[in-house]
Amino acid sequence: MTTVIAIETSCDETAAAVVKNRHILSQVVASQIAAHRPYGGVVPEVASRQHVEIINDVVATALQESGLPWAEIDGIAVTCAPGLVGSLLVGVTAAKTLAMLHDKPLIGVHHLEGHIYASYLQDPTLEPPFLCLLVSGGHTSLIYVKDCGHYQTLGQTRDDAAGEAFDKVARLLGLPYPGGPAIDQLAQQGDPHAFALPEGNISLPQGGYHPYDSSFSGLKTAVLRLVQRLQQESTDLPLADLAASFQMTVARSLTRRTLACAQDYALQKIAVGGGVAANRELRRQLQEAATAQGLQVLFPQMALCTDNAAMIGCAAAAHLACGHTSASTLGAQSRLKIEDVMTLYAPEPI
Ligand code: KG4
Ligand code: ZN
(Lines give C-alpha, C1' and ligand atoms only; values in the text may rest on other atoms or scores of the structure.)
(Ligands and ions follow the chains in the order given, each with its own letter.)
Protein backbone atom coordinates (compact mmCIF):
# COMPACT_ATOMS: atom_id res chain seq x y z
CA MET A 1 0.00 0.00 0.00
CA THR A 2 1.26 3.48 -0.88
CA THR A 3 -0.09 6.53 0.95
CA VAL A 4 0.58 10.07 -0.23
CA ILE A 5 -0.48 13.57 0.67
CA ALA A 6 -1.18 15.59 -2.47
CA ILE A 7 -1.42 19.29 -3.32
CA GLU A 8 -3.16 20.85 -6.34
CA THR A 9 -2.92 24.60 -7.09
CA SER A 10 -2.70 24.70 -10.91
CA CYS A 11 -5.63 27.06 -11.44
CA ASP A 12 -8.34 28.42 -9.16
CA GLU A 13 -8.78 25.63 -6.61
CA THR A 14 -6.50 25.22 -3.60
CA ALA A 15 -6.75 21.52 -2.79
CA ALA A 16 -5.07 18.87 -0.66
CA ALA A 17 -5.88 15.19 -0.10
CA VAL A 18 -4.55 12.03 1.46
CA VAL A 19 -4.84 8.98 -0.79
CA LYS A 20 -3.97 5.33 -0.24
CA ASN A 21 -3.48 3.76 -3.69
CA ARG A 22 -6.93 4.20 -5.29
CA HIS A 23 -8.81 5.18 -2.13
CA ILE A 24 -9.39 8.66 -0.69
CA LEU A 25 -8.70 9.05 3.04
CA SER A 26 -9.43 12.79 3.10
CA GLN A 27 -9.88 15.62 0.66
CA VAL A 28 -10.21 19.39 0.94
CA VAL A 29 -11.00 21.76 -1.95
CA ALA A 30 -11.16 25.52 -1.43
CA SER A 31 -12.65 27.11 -4.54
CA GLN A 32 -11.79 30.66 -5.59
CA ILE A 33 -14.79 31.09 -7.90
CA ALA A 34 -16.21 33.96 -5.81
CA ALA A 35 -12.92 35.89 -6.01
CA HIS A 36 -12.79 35.63 -9.82
CA ARG A 37 -16.50 36.11 -10.59
CA PRO A 38 -16.34 39.95 -10.74
CA TYR A 39 -13.77 39.61 -13.57
CA GLY A 40 -15.72 36.96 -15.53
CA GLY A 41 -12.76 34.57 -15.52
CA VAL A 42 -9.66 33.48 -13.61
CA VAL A 43 -7.18 36.31 -12.91
CA PRO A 44 -3.71 34.71 -12.47
CA GLU A 45 -2.41 37.25 -9.92
CA VAL A 46 -5.52 36.93 -7.76
CA ALA A 47 -5.27 33.12 -7.98
CA SER A 48 -1.67 32.86 -6.73
CA ARG A 49 -2.29 35.30 -3.90
CA GLN A 50 -5.31 33.31 -2.72
CA HIS A 51 -3.32 30.04 -2.89
CA VAL A 52 -0.57 31.53 -0.69
CA GLU A 53 -3.10 32.66 1.89
CA ILE A 54 -4.77 29.30 2.47
CA ILE A 55 -2.39 26.55 1.35
CA ASN A 56 -1.07 25.82 4.85
CA ASP A 57 -4.55 25.48 6.34
CA VAL A 58 -5.78 23.31 3.47
CA VAL A 59 -2.84 20.89 3.80
CA ALA A 60 -3.12 20.75 7.61
CA THR A 61 -6.86 20.02 7.40
CA ALA A 62 -6.36 17.23 4.84
CA LEU A 63 -3.77 15.52 7.04
CA GLN A 64 -5.86 15.95 10.18
CA GLU A 65 -9.01 14.56 8.50
CA SER A 66 -7.11 11.51 7.24
CA GLY A 67 -6.33 10.64 10.89
CA LEU A 68 -2.78 9.65 9.89
CA PRO A 69 0.49 10.84 11.45
CA TRP A 70 3.32 12.01 9.15
CA ALA A 71 5.08 8.69 9.83
CA GLU A 72 2.45 6.87 7.76
CA ILE A 73 2.77 9.16 4.73
CA ASP A 74 5.03 7.64 2.06
CA GLY A 75 5.39 10.67 -0.21
CA ILE A 76 4.44 14.28 -1.00
CA ALA A 77 2.70 14.79 -4.34
CA VAL A 78 2.11 18.05 -6.18
CA THR A 79 0.78 19.23 -9.53
CA CYS A 80 3.77 20.86 -11.25
CA ALA A 81 2.53 21.18 -14.87
CA PRO A 82 0.67 22.42 -16.86
CA GLY A 83 -1.18 25.44 -15.43
CA LEU A 84 -0.76 29.02 -14.26
CA VAL A 85 2.90 29.19 -13.35
CA GLY A 86 2.46 31.49 -10.33
CA SER A 87 -0.26 29.23 -8.94
CA LEU A 88 1.71 26.04 -9.59
CA LEU A 89 4.74 27.54 -7.83
CA VAL A 90 2.78 27.96 -4.59
CA GLY A 91 1.97 24.24 -4.50
CA VAL A 92 5.43 23.14 -5.64
CA THR A 93 7.13 25.28 -2.98
CA ALA A 94 4.82 23.95 -0.25
CA ALA A 95 5.40 20.34 -1.35
CA LYS A 96 9.19 20.72 -1.52
CA THR A 97 9.23 22.26 1.94
CA LEU A 98 7.15 19.41 3.39
CA ALA A 99 9.28 16.79 1.61
CA MET A 100 12.46 18.28 3.08
CA LEU A 101 11.00 18.82 6.54
CA HIS A 102 9.60 15.29 6.87
CA ASP A 103 12.29 13.58 4.78
CA LYS A 104 9.82 12.08 2.27
CA PRO A 105 10.06 11.55 -1.49
CA LEU A 106 8.61 14.27 -3.74
CA ILE A 107 6.37 13.27 -6.67
CA GLY A 108 5.56 15.91 -9.29
CA VAL A 109 2.33 15.15 -11.15
CA HIS A 110 1.08 16.24 -14.59
CA HIS A 111 -2.36 17.83 -14.12
CA LEU A 112 -3.92 15.89 -17.01
CA GLU A 113 -2.57 12.59 -15.74
CA GLY A 114 -4.32 13.53 -12.49
CA HIS A 115 -7.63 13.97 -14.33
CA ILE A 116 -7.15 10.53 -15.86
CA TYR A 117 -6.53 9.03 -12.40
CA ALA A 118 -9.89 10.41 -11.17
CA SER A 119 -11.39 7.47 -13.07
CA TYR A 120 -9.31 4.99 -11.04
CA LEU A 121 -10.66 6.57 -7.84
CA GLN A 122 -14.20 6.17 -9.16
CA ASP A 123 -13.63 2.56 -10.22
CA PRO A 124 -10.60 1.00 -8.48
CA THR A 125 -10.93 -2.10 -10.71
CA LEU A 126 -10.36 -0.04 -13.90
CA GLU A 127 -7.28 -1.08 -15.90
CA PRO A 128 -5.72 0.36 -19.06
CA PRO A 129 -5.96 0.48 -22.01
CA PHE A 130 -8.84 2.93 -22.26
CA LEU A 131 -9.70 6.26 -23.87
CA CYS A 132 -10.01 9.39 -21.75
CA LEU A 133 -12.09 12.35 -22.90
CA LEU A 134 -10.83 15.29 -20.89
CA VAL A 135 -13.01 18.37 -21.13
CA SER A 136 -12.35 21.28 -18.78
CA GLY A 137 -11.95 25.04 -18.78
CA GLY A 138 -8.39 24.70 -20.04
CA HIS A 139 -8.34 21.42 -21.97
CA THR A 140 -10.18 19.37 -24.54
CA SER A 141 -8.22 16.20 -25.23
CA LEU A 142 -8.75 12.63 -26.28
CA ILE A 143 -6.00 10.61 -24.63
CA TYR A 144 -5.11 6.97 -25.24
CA VAL A 145 -4.21 5.65 -21.76
CA LYS A 146 -1.66 2.86 -22.20
CA ASP A 147 -0.15 2.55 -18.73
CA CYS A 148 1.01 4.66 -15.78
CA GLY A 149 3.10 7.46 -17.35
CA HIS A 150 2.40 6.36 -20.93
CA TYR A 151 -0.11 8.34 -22.94
CA GLN A 152 -0.83 9.41 -26.49
CA THR A 153 -2.94 12.45 -27.37
CA LEU A 154 -5.16 11.40 -30.26
CA GLY A 155 -7.27 14.53 -30.53
CA GLN A 156 -7.45 18.03 -29.12
CA THR A 157 -8.97 21.45 -29.67
CA ARG A 158 -7.22 23.78 -32.08
CA ASP A 159 -8.37 26.87 -30.17
CA ASP A 160 -10.78 27.28 -27.22
CA ALA A 161 -11.29 24.47 -24.73
CA ALA A 162 -14.85 23.14 -24.40
CA GLY A 163 -15.33 24.74 -20.94
CA GLU A 164 -13.87 28.01 -22.21
CA ALA A 165 -16.47 27.98 -25.01
CA PHE A 166 -19.25 27.44 -22.44
CA ASP A 167 -17.89 30.34 -20.35
CA LYS A 168 -17.56 32.72 -23.32
CA VAL A 169 -20.99 31.91 -24.76
CA ALA A 170 -22.55 32.29 -21.31
CA ARG A 171 -21.02 35.75 -21.02
CA LEU A 172 -22.45 36.62 -24.41
CA LEU A 173 -25.89 35.54 -23.21
CA GLY A 174 -25.50 37.59 -20.02
CA LEU A 175 -25.17 34.56 -17.75
CA PRO A 176 -22.87 34.45 -14.69
CA TYR A 177 -19.38 32.85 -14.50
CA PRO A 178 -18.70 29.92 -14.62
CA GLY A 179 -20.90 29.59 -17.68
CA GLY A 180 -21.13 25.81 -18.05
CA PRO A 181 -23.54 25.13 -15.17
CA ALA A 182 -25.62 28.22 -16.11
CA ILE A 183 -26.01 27.11 -19.75
CA ASP A 184 -26.73 23.51 -18.70
CA GLN A 185 -29.51 24.74 -16.39
CA LEU A 186 -31.05 27.14 -18.88
CA ALA A 187 -30.88 24.60 -21.72
CA GLN A 188 -33.26 22.30 -19.85
CA GLN A 189 -36.15 24.58 -20.90
CA GLY A 190 -34.90 25.18 -24.45
CA ASP A 191 -35.25 23.51 -27.84
CA PRO A 192 -31.84 22.06 -28.89
CA HIS A 193 -32.93 22.13 -32.55
CA ALA A 194 -34.06 25.78 -32.54
CA PHE A 195 -30.86 27.00 -34.24
CA ALA A 196 -28.42 25.14 -36.49
CA LEU A 197 -24.83 25.92 -35.43
CA PRO A 198 -21.46 24.79 -36.90
CA GLU A 199 -19.75 21.86 -35.20
CA GLY A 200 -16.21 23.15 -35.74
CA ASN A 201 -14.70 20.65 -38.15
CA ILE A 202 -10.99 21.00 -38.96
CA SER A 203 -10.39 20.78 -42.70
CA LEU A 204 -7.40 18.75 -43.86
CA PRO A 205 -5.13 19.90 -46.74
CA GLN A 206 -5.83 16.64 -48.59
CA GLY A 207 -9.60 17.19 -48.21
CA GLY A 208 -12.11 15.95 -45.63
CA TYR A 209 -11.95 16.67 -41.90
CA HIS A 210 -9.67 15.74 -39.03
CA PRO A 211 -11.57 12.90 -37.32
CA TYR A 212 -10.54 13.70 -33.72
CA ASP A 213 -9.49 17.37 -33.46
CA SER A 214 -12.07 20.05 -32.77
CA SER A 215 -12.46 23.83 -32.81
CA PHE A 216 -14.86 25.87 -30.72
CA SER A 217 -13.97 29.45 -31.68
CA GLY A 218 -16.06 29.31 -34.89
CA LEU A 219 -19.04 28.07 -32.90
CA LYS A 220 -18.62 30.92 -30.42
CA THR A 221 -18.51 33.46 -33.29
CA ALA A 222 -21.59 31.86 -34.87
CA VAL A 223 -23.49 32.31 -31.58
CA LEU A 224 -22.31 35.95 -31.42
CA ARG A 225 -23.55 36.67 -34.97
CA LEU A 226 -26.85 34.91 -34.24
CA VAL A 227 -27.35 36.91 -31.04
CA GLN A 228 -26.61 40.18 -32.90
CA ARG A 229 -29.13 39.26 -35.64
CA LEU A 230 -31.80 38.26 -33.11
CA GLN A 231 -31.26 41.48 -31.15
CA GLN A 232 -32.06 43.50 -34.28
CA GLU A 233 -35.33 41.62 -34.68
CA SER A 234 -36.54 41.68 -31.08
CA THR A 235 -35.52 42.88 -27.62
CA ASP A 236 -36.27 39.49 -26.04
CA LEU A 237 -33.56 36.94 -26.80
CA PRO A 238 -34.68 33.28 -26.81
CA LEU A 239 -31.99 32.50 -24.23
CA ALA A 240 -33.07 28.93 -23.42
CA ASP A 241 -33.19 27.94 -27.10
CA LEU A 242 -29.77 29.50 -27.71
CA ALA A 243 -28.28 27.69 -24.70
CA ALA A 244 -29.83 24.35 -25.69
CA SER A 245 -28.72 24.63 -29.35
CA PHE A 246 -25.16 25.59 -28.39
CA GLN A 247 -24.90 22.83 -25.78
CA MET A 248 -26.28 20.22 -28.18
CA THR A 249 -23.70 21.21 -30.82
CA VAL A 250 -20.76 20.95 -28.38
CA ALA A 251 -22.00 17.58 -27.08
CA ARG A 252 -22.45 16.23 -30.62
CA SER A 253 -18.98 17.37 -31.66
CA LEU A 254 -17.34 15.74 -28.61
CA THR A 255 -19.39 12.55 -28.84
CA ARG A 256 -18.65 12.06 -32.54
CA ARG A 257 -14.91 12.45 -32.06
CA THR A 258 -14.74 10.29 -28.94
CA LEU A 259 -16.59 7.42 -30.59
CA ALA A 260 -14.40 7.68 -33.72
CA CYS A 261 -11.24 7.40 -31.56
CA ALA A 262 -12.55 4.49 -29.51
CA GLN A 263 -13.51 2.57 -32.64
CA ASP A 264 -10.35 3.30 -34.64
CA TYR A 265 -8.08 2.30 -31.73
CA ALA A 266 -10.28 -0.64 -30.65
CA LEU A 267 -10.71 0.76 -27.12
CA GLN A 268 -13.67 -0.72 -25.26
CA LYS A 269 -13.74 1.70 -22.35
CA ILE A 270 -14.12 5.48 -22.28
CA ALA A 271 -13.46 7.52 -19.12
CA VAL A 272 -14.56 11.14 -18.97
CA GLY A 273 -12.95 13.89 -16.87
CA GLY A 274 -12.89 17.67 -16.34
CA GLY A 275 -15.63 20.10 -15.33
CA VAL A 276 -17.57 19.80 -18.61
CA ALA A 277 -18.15 16.09 -17.81
CA ALA A 278 -20.96 17.43 -15.60
CA ASN A 279 -22.89 18.54 -18.67
CA ARG A 280 -26.17 16.65 -18.90
CA GLU A 281 -26.44 16.74 -22.69
CA LEU A 282 -22.86 15.47 -23.12
CA ARG A 283 -23.54 12.63 -20.67
CA ARG A 284 -26.77 11.73 -22.46
CA GLN A 285 -25.29 11.73 -25.98
CA LEU A 286 -22.09 9.93 -25.01
CA GLN A 287 -23.91 7.27 -23.02
CA GLU A 288 -26.40 6.66 -25.82
CA ALA A 289 -23.76 6.47 -28.57
CA ALA A 290 -21.43 4.24 -26.53
CA THR A 291 -24.23 1.85 -25.56
CA ALA A 292 -25.24 1.58 -29.22
CA GLN A 293 -21.63 0.53 -30.04
CA GLY A 294 -21.30 -1.84 -27.06
CA LEU A 295 -18.71 0.38 -25.33
CA GLN A 296 -18.47 1.25 -21.62
CA VAL A 297 -18.42 4.88 -20.41
CA LEU A 298 -17.27 5.90 -16.97
CA PHE A 299 -18.31 9.29 -15.58
CA PRO A 300 -16.55 9.94 -12.25
CA GLN A 301 -18.65 11.74 -9.62
CA MET A 302 -18.55 15.51 -10.01
CA ALA A 303 -16.19 16.19 -7.10
CA LEU A 304 -13.63 14.02 -8.93
CA CYS A 305 -14.26 15.54 -12.41
CA THR A 306 -13.46 19.11 -11.35
CA ASP A 307 -9.99 20.04 -10.08
CA ASN A 308 -9.08 18.26 -6.84
CA ALA A 309 -6.00 16.89 -5.11
CA ALA A 310 -7.26 13.30 -4.66
CA MET A 311 -6.74 12.60 -8.36
CA ILE A 312 -3.19 13.99 -8.09
CA GLY A 313 -2.55 11.75 -5.07
CA CYS A 314 -3.87 8.70 -6.90
CA ALA A 315 -1.53 9.31 -9.88
CA ALA A 316 1.39 9.94 -7.50
CA ALA A 317 0.74 6.76 -5.53
CA ALA A 318 0.92 4.77 -8.79
CA HIS A 319 4.21 6.45 -9.79
CA LEU A 320 5.72 6.02 -6.32
CA ALA A 321 4.77 2.34 -6.32
CA CYS A 322 6.80 2.05 -9.58
CA GLY A 323 9.76 3.82 -7.94
CA HIS A 324 9.25 7.12 -9.76
CA THR A 325 10.19 10.17 -7.68
CA SER A 326 11.07 13.75 -8.62
CA ALA A 327 14.30 15.61 -7.97
CA SER A 328 14.32 18.35 -5.32
CA THR A 329 14.95 20.77 -8.22
CA LEU A 330 11.44 20.09 -9.58
CA GLY A 331 10.06 23.26 -11.19
CA ALA A 332 6.65 24.53 -12.25
CA GLN A 333 5.96 24.41 -16.00
CA SER A 334 3.07 26.23 -17.63
CA ARG A 335 3.11 23.76 -20.52
CA LEU A 336 4.09 20.10 -20.73
CA LYS A 337 2.79 17.49 -23.14
CA ILE A 338 1.25 14.45 -21.49
CA GLU A 339 3.57 12.33 -23.67
CA ASP A 340 6.46 13.86 -21.64
CA VAL A 341 5.17 12.93 -18.16
CA MET A 342 8.17 10.72 -17.44
CA THR A 343 10.53 13.74 -17.64
CA LEU A 344 9.17 14.70 -14.20
CA TYR A 345 10.89 11.73 -12.61
CA ALA A 346 14.56 11.38 -11.87
CA PRO A 347 16.26 8.52 -13.72
CA GLU A 348 16.60 5.42 -11.53
CA PRO A 349 20.08 5.01 -10.00
CA ILE A 350 22.16 2.38 -11.81
O1 KG4 B 1 -12.15 20.95 -14.54
P2 KG4 B 1 -12.61 22.30 -14.14
O3 KG4 B 1 -13.29 22.46 -12.81
O4 KG4 B 1 -11.43 23.32 -14.12
C5 KG4 B 1 -10.45 23.38 -15.10
O6 KG4 B 1 -10.68 24.13 -16.08
O7 KG4 B 1 -9.40 22.69 -14.94
O8 KG4 B 1 -13.58 22.82 -15.29
C9 KG4 B 1 -14.23 24.06 -15.24
C10 KG4 B 1 -15.03 24.23 -16.51
C11 KG4 B 1 -15.63 25.63 -16.63
O12 KG4 B 1 -15.36 26.12 -17.92
C13 KG4 B 1 -17.13 25.39 -16.44
O14 KG4 B 1 -17.94 26.30 -17.15
C15 KG4 B 1 -17.29 23.97 -16.97
O16 KG4 B 1 -16.14 23.29 -16.53
N17 KG4 B 1 -18.49 23.30 -16.47
C18 KG4 B 1 -19.52 22.89 -17.26
C19 KG4 B 1 -20.51 22.36 -16.40
N20 KG4 B 1 -20.05 22.43 -15.12
C21 KG4 B 1 -18.81 23.01 -15.18
N22 KG4 B 1 -19.66 22.96 -18.59
C23 KG4 B 1 -20.82 22.49 -19.10
N24 KG4 B 1 -21.83 21.98 -18.37
C25 KG4 B 1 -21.72 21.90 -17.01
N26 KG4 B 1 -22.71 21.38 -16.30
ZN1 ZN C 1 -8.24 20.51 -14.46
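You are looking at a predicted model, in which local features need pLDDT of at least 70, side-chain atom pairs count only at pLDDT 80 or more, and totals for chains, interfaces and linings use all residues. Residues are numbered from 1 along each chain as its sequence is written, chains are lettered from A and ligands numbered from 1 in the order in which they are written, and side-chain values use heavy atoms, with hydrogens and water left out.

Let us stay with ligand 1. Helix 6 gives the most to its shell, with 4 residues. The shell has 18 residues, and Gly137, Asp167, Gly180, Asp184 and Gly275 come nearest (a residue counts as near if one of its heavy atoms lies within 4 Å). Some polar contacts, meaning pairs of N or O atoms within 3.5 Å, can be followed by eye. A backbone N or O atom of Gly180 is 2.9 Å from an oxygen atom of the ligand, and a side-chain N or O atom of Asp184 lies 2.9 Å from a nitrogen atom of the ligand. A polar backbone atom of Gly275 is likewise 2.9 Å from an oxygen atom of ligand 1. On its own, ligand 1 has 560 Å² of accessible area, and the protein covers 88% of that (Shrake-Rupley method, 1.4 Å probe).

Now look at helix 6 itself, residues 179-187. It is largely enclosed by the rest of the structure, because 7 of its 9 residues are buried, that is, under 20% relative accessible area with a 1.4 Å probe, counting protein chains only.

Next comes the zinc ion, ligand 2. Its protein donors are His111 (NE2), His115 (NE2) and Asp307 (OD), 2.1 to 2.2 Å away. Donors are N, O and S atoms within 2.8 Å of the metal (3.2 Å for Na, K and Ca), and water is not among the atoms, so sites may look incomplete. In sequence, the spacing of the donor residues is H-x3-H-x191-D. His115 in helix 4 (residues 111-122) and Asp307 in the loop between helix 10 (302-305) and helix 11 (310-321) link distant parts of the chain, 192 residues apart. His115 is buried, at 2% relative accessible area, and Asp307 is buried too, at 13%.

Definitions and conventions: Helices (H or I, at least four residues) and strands (E, at least two) are DSSP runs, numbered from the N terminus. Buried means under 20% relative accessible area, exposed over 50%, partly exposed in between (1.4 Å probe, protein chains only). A polar contact is a pair of N or O atoms within 3.5 Å; within protein, one must be able to donate a hydrogen and the other to accept it, and residues adjacent in sequence count only if both atoms are side-chain atoms.
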